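Please work through the exercises below with the sequence and the model in view. Each task is followed by a solution in steps.

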Amino acid sequence: MENQGIRDARTLGMPKMLVLGLQHMFAMFGATVLVPALTGLSVSATLLFAGLGTLFFHFLTKGRVPAFLGSSFAYLAGYAAIAPHGETALLPYACVGVACSGLLYLILAALVRSFGTDKVMRFFPPVVTGPIIICIGMTLANSAINNCTGNWSIALIAIVTVIFFNIWGKGMLRIIPILLGVLVSYTAAAFMGKVDFSGVAQAAWIGLPVKMENTVFSLFGSCDMNLLVTAIIAIMPIAFATMIEHIGDICAISSTVGENFIENPGLHRTLMGDGLATAIASLFGAPANTTYGENTGVLALTKVYDPRVVRIAAVFAVLASFCPKFSALVAAMPVGTIGGVSLILYGMISAIGVRNLVENQVDISKSRNVIIVSLIMSLALGITFSNAGAIVFNIGSITLRFSGLAVAAIAGIAVNAILPGKDYEFNSDYDNGKPDATEA
């Protein structure tokens, strides 16, 4: 039976649907543009492929799932491992790694299609994915503190704003605390004279969102194979965590709307849409995509579930990508603002990993679970913060660098598969779905 919310949307008319589309764009905006601000990627390309990726996702899912695809925060650790200071010359290598991780979505989609969700998900239980998510946030915390030291007063304004609206905000304000934290602290910094707007004044109003020198294609003819292989190995395993989060978010959207999207159009289609959107965006210098919990919150708030409203938001994002002046405004964001917002954000990522363990009632008293969690966290954090920052292998003339997260993910999945006592069963009942939050 057709959902009441969808029927209501079709009687709204185009003017109201345009307003609802703007609201969805407003919800995803702060988190989506914060990823390029943190990594050095292009803001314009980010908005372009968030919009195009969303439209492509809707095409592959038969236009049924009202999901918006924005920038994924889970991959920040991957970008930091390859281009720790947002080096323009190194970011295309990181993008290759992210694009390859998007292909893992296609493999999982094929396995789900062939063997069913329950059988495949037994290899990715919460005892593995939870600690990986915890470590993603913890490995990033150091960079947040470094940014805060640029101006602690501005950082504190951002932190207090995010906390205030997240706890006491009403309606739409509670859904976009990250965006409000950025706006309030940015404005305060501007009044304090801490923002250089010269780049904004020089930027054009209209321009192309993609520059070829920032894309993966710029590596042709002058590629460092050692760095390329290292980027792929370091970043691809992050997908093991983000794919699980994707499934959780699809369950949450299903629960909100009242339709089981795991069954129809099918989890294999949503995984394929997310993975291909991520791979394509990365090739053109944009961040990895992920289904956005903020927009799920807007669905719950408005009770309007028509996917066409989300597609309108995607079109608005594409249009905004052609404004270089806006990109320059984001680039001028003070480091204190970035530090304050990311300090909470990275902690939230780790907290989501803890929630993953708690809500799935992972029994840490079991020896096998203690071993898996201990190995993942020790390897991820120990290797990341070691002097080398990675495990290095030489195979002929190629030097391979395995990041802490990569080693931890591989070890966790392997040990879980080998040790006896696996009792995890994936619950495909969408009413029990929990939204993910590494995107914001």
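Helices (H or I, at least four residues) and strands (E, at least two) are DSSP runs, numbered from the N terminus. The model is predicted, so local features need pLDDT of at least 70 and side-chain atom pairs count only at pLDDT 80 or more, while totals for chains, interfaces and linings use all residues. Residues are numbered from 1 along each chain as its sequence is written, and side-chain values use heavy atoms, with hydrogens and water left out.

**Exercise 1.** Determine which element gives the most residues to the lining of the largest pocket.

Solution.
- Step 1: On a 1 Å grid over the protein atoms alone, a pocket is an open set of points where a 1.4 Å probe fits, with protein on both sides within 12 Å along at least five of seven lines; lining residues have an atom within 4 Å of a point.
- Step 2: The lining of the largest pocket holds 39 residues, and Tyr79, Ala80, Ala81, Pro84 and Ser143 lie nearest the centre.
- Step 3: Elements that give two or more residues include α2 (14–39), α4 (76–82) and α7 (126–148).
- Step 4: The greatest contribution is that of α4, with 7 residues.

**Exercise 2.** State how many helices and strands the protein chain has, and compare its radius of gyration with that of a compact globule.

Solution.
- Step 1: The protein chain has 20 helices and 4 strands.
- Step 2: The radius of gyration is taken over C-alpha atoms, and the globule rule is 2.2 Å times the number of residues to the power 0.38.
- Step 3: For 440 residues a compact globule would have a radius near 22 Å, and the 21 Å of the protein chain agrees.
- Step 4: The C-alpha trace spans about 55 × 55 × 45 Å along its principal axes.
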